[in-house]
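The questions below go through a multi-chain model, from the fold of one chain to the contacts between chains.

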Amino acid sequence: MDFVQNFPCFSVILCLFAGILSSGLKDKAAMRVNTCLLGIVTLLSGATLLYTLQTGQSFVYVMGKFPAPWGNEIRAGVLEALTALFFCVIMLLSLLGGRHKLLEEVESGKTYLYYVLTDLLLSSLLALVYTNDMFTAYVFVEINTISACGLIMIRQNGRTIEAAVRYMIMSLLGSGLLLLGLCMLYDLTGHLLMSNMKESVARLAATGQYEIPLIVAIVLISVGICIKSALFPFHAWLPDAYGYSTVSSAAILSSLVSKGYIFLLIKIIYRVIGFDIYGDTRIIDVLFAFGLMGMIFGSLSAIKENDVRRMIAYSSVAQIGYIYMGFGMGTEAGMTASVFHILSHAATKSLLFIAAIGLTDVSGGSRKFIELTGAGYRNKWAGAAFTVGSLSMVGMPLFSGFISKLLFAQAAVQNHVKMLPALIVLGVSTILNAIYFMKTVIRIYTPVGYSAYPSITFVKMRVYAVTLVAFILLNVILGISSQPVVDMIRQGLAMFS
Amino acid sequence: MYLILLSIFVPMAAGLCLLILPEKNIVRARLLSAVSMAYLLTAVLVTAALTRCYDVSYTLFHLTASLPVCFHIDETGVLFAVLTLIVFLCAGFFSFAYMKHEKKEKRYYGFYLIVFGVLNALCFAGNLITFYLFFEILTLTSMPLVLHNGSREAIMAGLKYLFYSLCGAYMALFGIYFIWKNSSTLAFTAGGVLHMTTGGNISGPNSLPGAAAGGNTAILLIAACACLLGFGVKAGMFPMHAWLPAAHPVAPAPASAALSAVIVKAGVLAVVRVVYYIFGPDFLRGSWVQTAWLTLTLLTVFMGSMLAYREPVLKKRLAYSTVSQLSYILFGLAVMNVTAVTGGLLHVLAHGFIKAVLFLVAGAIICTTGRTRVEELRGIGKEMPLTMWCYTIASLGLIGIPPTGGFISKWYLATGSLQSNTPAFAGIGPVFRWLGPVVLLVSALLTAGYLLPLTIHGFLPGADYDYAHLQKREPSPWMTVPIVILTVLSVLLGLFPNLLTDRIMGFVSTLM
Amino acid sequence: MSRMKNNYENSRFMRFKRWVDGETDLLLNTMEIVPAKEPAAGEREEASKDSFGEKDGKNPPVFSEGRGLLYFRRFYQAVSVLLCCGIILVLLWTVAYLPSFGNAGNPDNNEVSARYIEQGLQETGAVNIVTGMILDYRAFDTFGESCVLFIASCCVMILLMVDDAILKKQEAMSDRRFEPKNDAILQGTALVLTPIIFIFGIYIILNGHLSPGGGFSGGAIMGAGLILYTSAFGFHKTQRFFDEHIYKIAKITALCMYGLIGTYFYVTGANGIENHIPLGIPGHILSSGIILPINFCVGLEVACTMYAFYALFRRGGL
Amino acid sequence: MGPNLFINYGEAVAMLLFGIGFGNLLLQSNLIKKIIGLNIMDTAVYLFLAEKGYIAGRVAPIVADGVQDMEAYINPIPSGLVLTGIVVSVSVSALMLALTIRLYRRYHTLDLDEISRQLKKEGL
């Protein structure tokens with residue numbers, strides 16, 4: 001067995017260790033530990049990705065001396081490694097970009113706890129990505145939920161704590177349903193390991209035994225994860241949570257946490273239930289419908305919004321709608337498009353949040369559009385970054401958003417029944433995006449003769465600017481040479497089934 | 001072959017450099033010299049590209065596996081590139097004098113150069129995706145020209161321009177998806193790609209021509225309609241024309257000259273590309289799409305002229321006239337026979353030169369006298385005769401009085417629509433066959449009605465005009481020379497049309 | 001009716017439509033251009049306010065006045081009651097089709113549980129098969145689980161931790177605010193009970209692999225002992241042997257030990273290196289390989305966390 | 001209706017409890033009651049698991065006098081899952097309670113709607 005195969009396990013364990021140790025460190029030290037950790041884990045994931053690409057097949061890693069189905073095991077393929085790598089990079093950039101706000105907004109002496117939370121969050125994300133065992137998935141989903149709640153309320157004012165409560169309530173409903181569905185599935189299959197579960201589910205579906213409980217279990221699991229990842233009707237908690245928490249948290253939550261759940265759902269669809277059986281239960285049509293509704297209503301609420309960050313938050317409701325619409329297509333192409341959109345949206349949305357904070361900083365900390373006038377001149381880097389992000393969201397060519405819309409359309413035209421609604425809603429929501437993002441961009445570039453607020457120089461925000469540039473590069477790379485990424489995704493999905 | 005890339009990216013790079021340069025401590029003279037250097041360099045490069053690598057195609061990179069970004073120079077590209085080059089040079093040198101009074105010159109020249117590069121890219125684009133890509137970039141980069149003097153109206157106009165263009169572009173994209181599904185390639189090929197496609201089985205984008213015409217003709221027609229409407233937005237076609245009269249007046253005069261002479265022509269180019277290089281006239285001829293298209297264009301021609309007729313502000317009036325004139329071109333393209341299309345393409349050139357002249361003259365007037373409304377301009381001809389003579393000649397051309405370029409193009413348009421024998425005309429045939437020329441004539445009269453009063457009042461202010469305060473104030477040569485050059489060109493176009501018409505006829509007949 | 005009309009007249013859609021028709025501009029109200037000169041603070045305040053108010057006026061927030069709130073509540077309650085009834089019915093309907101209760105032939109009694117039962121003793125050395133399963137076969141899950149506890153304590157710390165300066169001030173302000181008045185009965189009982197509870201907790205931890213119990217339950221019991229002692233004698237006396245510093249050290253060492261053992265176990269197991277932790281003789285206290293130390297670490301961590309919860313909730317500091 | 005509803009009465013009760021807890025978590029605007037609902041919901045799931053693990057006539061899976069027969073003991077896995085789940089729900093409840101305390105200290109009410117109203121008032 002090659003040594004590289006240890007890397008997934010190492011990266012999860014390292015994150016846990018770093019989190020545990022950071023809880024005994026001072027703020028600065030915890031920050032350094034966290035940064036190093038993210039660097040190392042990025043390298044490990046990259047190595048895993050290369051390895052899987054070379055061998056061209058996924059590998060299974062037994063956690064302990066007992067083989068599955070008796071012991072735990074984790075599994076790494078191209079898609080897992082790619083996602084893990086991407087998550088690490090995004091998290092690193094988001095933390096760097098929000099660092100200066102963190103020091104302001106979190107009361108001193110508790111910053112180290114923030115890094116503890118992020119370490120454990122990363123570990124849970126990686127575990128969700130790599131796990132091959134449903135119950136491990138459940139445990140780490142809980143870690144994910146709690147640490148996300150911590151990220152929301154670590155900047156302590158009434159809004160955030162209320163948002164945290166709402167978030168907890170919704171996601172506890174979600175995990176309750178998830179757990180119940182999990183137990184039912186266990187009761188029907190007698191396994192907790194994904195691959196064995198899949199065999200048994202296939203057998204049950206073939207024999208038609210326990211048909212109703214099987215469907216109900218699938219529905220429970222799907223609904224639970226939809227609730228946790230804020231699909232349209234369950235998005236009530238989202239705007240406050242993203243809009244008022246500290247900026248790194250907002251970036252991480254919107255681009256990683258919800259995406260982690262969605263990735264878990266993908267994994268369940270492929271590795272536990274089986275794509276065809278999942279397609280046969282009409283639930284994908286429900287997902288499709290809710291996705292479409294989310295695309296429209298999210299954008300509408302974003303247009304109504306008078307506060308930049310809440311606007312961005314609503315737009316991510318719409319984007320999650322895109323992803324579920326991709327699921328709803330029920331085709332490989334749709335799934336590929338969704339996975340690519342997970343990546344591109346992660347890159348874009350965190351960029352938008354980080355840029356927005358730069359803009360509001362030079363506008364006296366107010367997030368209302370009135371104050372933002374001309375902010376693009378006062379903080380050039382943030383302005384440019386925000387413009388790039390908006391263009392990518394609107395689906396301008398050369399940026400990642402365009403490619404994902406292209407893939408969605410490609411998937412849509414292959415599905416005769418859902419082609420028209422999908423394409424029409426795609427067009428409409430694109431135009432709605434254009435309305436509110438372009439409104440904002442024009443806004444921040446509206447010249448004001450005299451501004452109350454000083455413009456910020458490069459020297460003051462070196463890290464920040466570098467982060468923004470990195471984000472922009474990521475976006476453009478995804479937008480211009482998307483082909484290798486898409487190929488990897490296809491390969492990875494093929495490995496799943 | 002790198003000449004293509006250079007002619008596209010050199011002006012862009014120059015513009016970016018200008019934008020990045022720090023605002024302060026720039027000597028204006030040095031700035032201007034740098035800009036003019038950029039102009040000339042681009043001019044040389046473009047001409048070199050047009051002569052040296054004609055009919056060469058070059059793939060830059062692949063957006064996705066099936067979507068290369070590639071460039072290819074063909075006749076249509078040459079036509080539009082020449083127009084772009086001439087108008088941009090003239091307007092550019094004109095703006096040296098005009099922009100003296102405006103703030104933020106650097107930003108203006110920067111974006112002006114970038115737009116120049118983007119337009120070259122549009123002319124040289126080798127497939128639909130490349131075209132769409134630069135079409136979007138054109139919208140973004142030309143918007144700063146519109147909202148240059150960040151006044152409230154300017155920002156509103158820019159926002160409106162952006163919104164309309166984006167909506168149009170996405171409508172077009174919606175259509176492109178379907179084309180992409182149904183055709184093996186998106187590369188521009190004379191006569192359309194559909195006949196080589198294999199229509200719509202889900203698995204792969206390829207099957208047999210019969211299938212293309214078979215199962216999803218209806219959906220392809222919808223796609224064509226979407227593309228036409230979407231790109232028609234840029235060309236100010238009726239349902240979505242409202243941005244044009246808003247955007248032109250607020251922009252600086254040379255910018256609006258470039259806008260209505262060239263940038264809106266990008267919409268026309270898009271329509272040409274989609275209809276004659278992607279769908280192919282045979283597919284659309286006689287379909288409901290063609291009928292709707294003809295109706296819209298005629299409607300726009302008439303309505304534009306009417307609006308211009310009752311518009312007091314000079315630049316707005318010119319903008320409305322642009323709306324109507326562009327629809328002349330679109331009408332020619334919609335008729336889909338050789339003569340009419342030739343007329344349309346000729347009118348692209350003629351209208352380009354003429355409208356540039358008119359806007360530059362308006363700019364010169366504003367810049368010297370500061371008057372914008374038509375009724376304020378009595379006796380303007382006495383004050384700046386040379387400019388007003390150019391205006392007069394140009395407006396005669398736009399009306400379509402020989403021997404100017406406008407006459408030739410309109411002649412071809414009218415004869416084309418008369419000799420048109422397409423099934424569509426067979427259907428509601430007689431109507432369109434005589435309706436077309438009639439509308440053209442009526443709107444020509446209207447054109448005379450809204451352009452000539454300025455000349456008349458300008459040269460014959462009437463008895464009560466006090467010649468005492470009259471002083472000659474010709475604008476600086478920076479302004480007059482470009483105007484004269486463009487006027488002369490528009491006249492030459494009318495005097496020796498054959499050079500062009502034969503060539504255009506030649507390649508148009510290959511499209512059919 | 002007329003109200004509706006007015007609303008329609010200046011509804012967002014109409015404003016948007018008018019803007020498209022070019023009559024008014026979208027920027028009106030929603031995007032006031034700040035005047036070129038610096039406006040007075042009050043002015044700016046007002047501008048932001050009225051734009052805000054305008055937004056509220058358009059779509060009144062549900063909580064703005066009592067009636068709306070009432071209706072919303074009613075509606076919400078009705079809907080959620082229906083939802084719950086629906087869920088209950090569906091679930092009951094499902095239960096009706098589940099494998100029957102207590103039947104040995106159910107799908108979940110398969111080779112997995114068979115191996116746990118039949119070879120668990122030999123492979124893990126734990127008499128208590130459940131403990132053997134969660135701490136040896138599925139050790140990774142359990143590590144994650146103790147991390148859940150850990151991260152929860154971190155979050156509670158973020159929320160309720162008050163830094164010492166303020167704490168000191170509070171206590172100075174109201175002397176012995178958190179201290180019980182010396183209650184003879186309570187203190188006496190605590191004096192007697194606390195050692196017993198501790199010993200019992202340790203017993204349960206040490207016998208985790210032999211009898212029901214283990215790290216979590218034992219730890220909880222020890223935590224209860226600590227809590228009893230504190231509530232009887234007050235924080236000052238507790239801090240003599242258990243303050244924040246020791247708490248951190250204990251917690252971190254426990255978790256790190258657990259992590260190290262676990263990692264050793266996973267890596268050796270996965271790479272096929274045989275690990276040198278002896279299984280011992282089943283049934284003895286010192287047996288069953290990694291289970292005993294892990295139980296000990298878990299117990300320590302749980303005890304700390306339980307006490308930390310109590311102290312943070314009651315006093316905002318350890 | 002399926003055959004096993006009254007054979008699986010234990011599971012049925014668990015499901016009833018689950019629904020009740022779910023309802024409380026959704027319905028109550030009082031935070032403490034919400035938390036109680038949450039705990040009921042979790043407990044219901046544990047009850048369900050315990051029922052699933054039971055096999056008629058067998059004893060708890062602790063090896064007694066060396067008998068290591070499949071036929072002797074019930075299924076150990078659900079018990080293990082319940083153990084894990086209990087710890088999770090303990091920590092979640094602690095976290096929720098802490099949040100509630102903070103909100104109460106700030107707004108002097110446990111009613112979530114009331115809190116939202118006050119938030120709207122203070123604008124922010």
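Q: Does M336(B) count as buried or exposed?
A: In this predicted model, M336(B) sits in the loop between α13 (314–335) and α14 (338–369) of chain B. A residue needs 20 or more other C-beta atoms within 10 Å to be classed as buried. Because M336(B) has 24 C-beta neighbours inside 10 Å, M336(B) counts as buried.

Q: What is the phi of M336(B), a residue other than glycine?
A: Most residues other than glycine have a negative phi. M336(B), in the loop between α13 and α14 of chain B, has instead a positive value, and its phi is near 65°.

Q: Does H108(D) count as buried or exposed?
A: H108(D) belongs to the loop between α3 (76–107) and α4 (112–122) of chain D, and although H108(D) is not a glycine, its phi is positive, at about 55°. Since H108(D) has 10 C-beta neighbours inside 10 Å, H108(D) counts as exposed.

Q: What radius of gyration does chain B have, with its 512 residues?
A: The secondary structure of chain B comprises 21 helices and 2 strands, and its C-alpha trace spans about 80 × 55 × 45 Å along the principal axes. For 512 residues, a compact globule would have a radius of gyration near 24 Å, and the value for chain B agrees with this, at 22 Å.

Q: What percentage of the contacts in chain B with a separation of 6 or more comes from residues 24 or more positions apart?
A: Of the 512 residues of chain B, 61% count as buried. Among the contacts in chain B with a separation of 6 or more, the share that joins residues 24 or more positions apart is 79%.

Q: Which element gives the most to the side of chain A that touches chain B?
A: Here 21 residues of chain A are in contact with 21 residues of chain B. The elements of chain A that give two or more residues to this side are α18 (400–413), α19 (416–444) and α21 (483–496). By class, the side of chain A that touches chain B has 15 nonpolar, 6 polar and no charged residues. With 8 residues, the element that gives the most is α19(A).

Q: Which element supplies the largest share of the side of chain C that touches chain D?
A: Between these chains, 51 residues of chain C are in contact with 49 residues of chain D. Elements that each supply at least two residues to the side of chain C include α4 (66–95) and α12 (291–315). By class, that side has 37 nonpolar, 9 polar and 5 charged residues. The largest share, 11 residues, comes from α4(C).

Q: At roughly what angle do the axes of α6(C) and α12(C) cross?
A: T131(C), G132(C), L135(C) and D136(C) in α6(C) meet I291(C), I294(C) and N295(C) in α12(C). The axes of α6(C) and α12(C) come within 10 Å. Their crossing angle makes α6(C) roughly perpendicular to α12(C), and the value is roughly 85°.

How values were computed
Residues numbered from 1 in each chain as written. Chains lettered and ligands numbered in written order. Predicted model: local features only at pLDDT ≥ 70, side-chain atom pairs only at ≥ 80, totals over all residues. Contact = placed C-beta atoms within 7 Å. Helix = DSSP H or I, 4+ residues; strand = E, 2+ residues; numbered from the N terminus. Nonpolar A, V, L, I, M, F, W, Y, C, P; charged D, E, K, R; others polar. Buried ≥ 20, exposed ≤ 12 C-beta atoms within 10 Å, placed from the backbone. Rg over C-alpha atoms; globule rule 2.2 N^0.38 Å. Axes fitted to C-alpha atoms, helices over the stretch in contact; angles between N-to-C directions. Parallel < 35°, antiparallel > 145°, perpendicular 65-115°, else oblique.
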